Amino acid sequence: MIGIAMSTYENEAIISETIRSLQAQHASFLCVIADDGSTDTTVATMRRLTANDTRFEVLSLPHGERGIARKTAIDRLKQHSVEYLYIIDSDMVLEEQLLKSCLLYLEAHLDVGALVIPERAYSDYDNYFSQVKVFERNLFNVPTDQLDTHTMEAARFWRIEAYVASGEIDPTQISFEETQPTIRYLEQGGIIRRATFTYVHHNEKQVELNDLLRKKRYYFDVMPATLDAEQGGFMKALRRWYFFRPVLYHQANLRKYSRHPLLTVGVIYMYLRLSFIGVESLFFKRVS
């Protein structure tokens, strides 16, 4: 059986679409949703939508961090002895037959421990930085199933034994906690592939630059906890720094830059601003 771990936090505007995309899947699954202390109608909406569906279990937790909610949902699924683990966010809408296609792929490729599920970003808003963020997110969707060792993409569909071997999500890590198992598993010699045969829709919602910078500043401020918990964590993060990501220089993306110069300028500007914030948080604040 496939175990699906989902964390939520004040996602009342989009949670219905995510749950309906799960309910439309044609594969056997159990989904544990751990809500991280929402104060809006997210929990009530989820319970209403899943009231007569025994494939779902909704847990309402006190507000902590996303990693704690994810770990709680995953631990609950492990009690049910699931064979596969799929970790999703509440703003992801699954493509039809996603679960079945991933399951068939792993059954046919026994050497592969996990899959990165491509995310096709979109936004219902047409302001500039909403479109820049959508453009930037879609740069990761290159047409290859191979992952480079500097990937920022997190494997989300795992064989449960591969996930356990990766060291699992560390709930004390607040930023990039979902990426660390992927990095560790690749470093162990494990094989992870990008599932080019399916995807999820990822709603970027409305993005304003100042809101994005404020959110990322928080993650940079707490990132030392993640880096200190990983062997060689600082150097690993540096190799994955914005402009150092090899995927940005893939031939498919070079063509996108020439076709969308204004969005490309927006990505460069956004990365520069984020880089300054990152340097301030990771170097100057730590020193002071």
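Q: At what angle do helix α1 and helix α2 pack, and how far apart are their axes?

A: The model is predicted, so that local features need pLDDT of at least 70, side-chain atom pairs count only at pLDDT 80 or more, and totals for chains, interfaces and linings use all residues. Residues are numbered from 1 along each chain as its sequence is written, and side-chain values use heavy atoms, with hydrogens and water left out. Helix α1 (residues 15-23) and helix α2 (residues 42-49) pack at an angle of about 25 degrees, and their axes are 10 Å apart. Axes are lines fitted to C-alpha atoms, for helices over the stretch in contact, and angles run from 0 to 180 degrees between N-to-C directions. Helices (H or I, at least four residues) and strands (E, at least two) are DSSP runs, numbered from the N terminus.

Q: Why are α1 and α2 called roughly parallel?

A: Angles under 35 degrees count as roughly parallel, over 145 as roughly antiparallel, 65 to 115 as roughly perpendicular and the rest as oblique. The packing angle is about 25 degrees, and α1 and α2 are therefore roughly parallel to each other.

Q: Which residues make the contact between α1 and α2, and how do they divide into nonpolar, polar and charged?

A: With contact meaning heavy atoms within 4.5 Å, α1 contributes I15, S16, I19, R20 and Q23, while α2 contributes T45, M46 and L49. These residues divide into four nonpolar, three polar and one charged, where Ala, Val, Leu, Ile, Met, Phe, Trp, Tyr, Cys and Pro count as nonpolar, Asp, Glu, Lys and Arg as charged, and the others, Gly among them, as polar.

Q: Why does S16 count as buried?

A: Buried means under 20% relative accessible area, exposed over 50%, and partly exposed in between (1.4 Å probe, protein chains only). S16, which lies in helix α1, has 18% relative accessibility and therefore counts as buried. Leaving aside neighbours within four places in sequence, S16 is in contact with T45 and L49.

Q: Why does L139 count as buried, and what does L139 touch?

A: L139 sits in the loop between α5 (128-138) and β8 (157-159), and because its relative accessibility is 1%, L139 counts as buried. Not counting residues up to four places away in sequence, L139 touches V247, L248, N253, K256 and Y257.

Q: What makes β3 and β9 the edges of their sheet?

A: Two strands pair if DSSP finds at least two bridges between them, and seven strands form an open sheet in the order β3-β2-β1-β4-β8-β6-β9, with mixed pairing. Each of β3 (56-61) and β9 (192-194) has a single partner strand, so one side of each is left without a neighbour in the sheet. Within this sheet, strand β4 (residues 84-89) and β8 pair in the antiparallel sense over three bridges, with Y86 opposite F157 in β8.

Q: What makes the pairing mixed in the open sheet of three strands?

A: This sheet has the order β5-β10-β7. Strand β5 (residues 92-94) runs antiparallel to strand β10 (residues 200-203), joined by three bridges, whereas strand β7 (residues 119-122) runs parallel to β10, joined by four bridges. In β10, V200 is the bridge partner of L94, and N203 that of Y122. Helix α5 lies across β7 and β10, running at about 170 degrees to β7.
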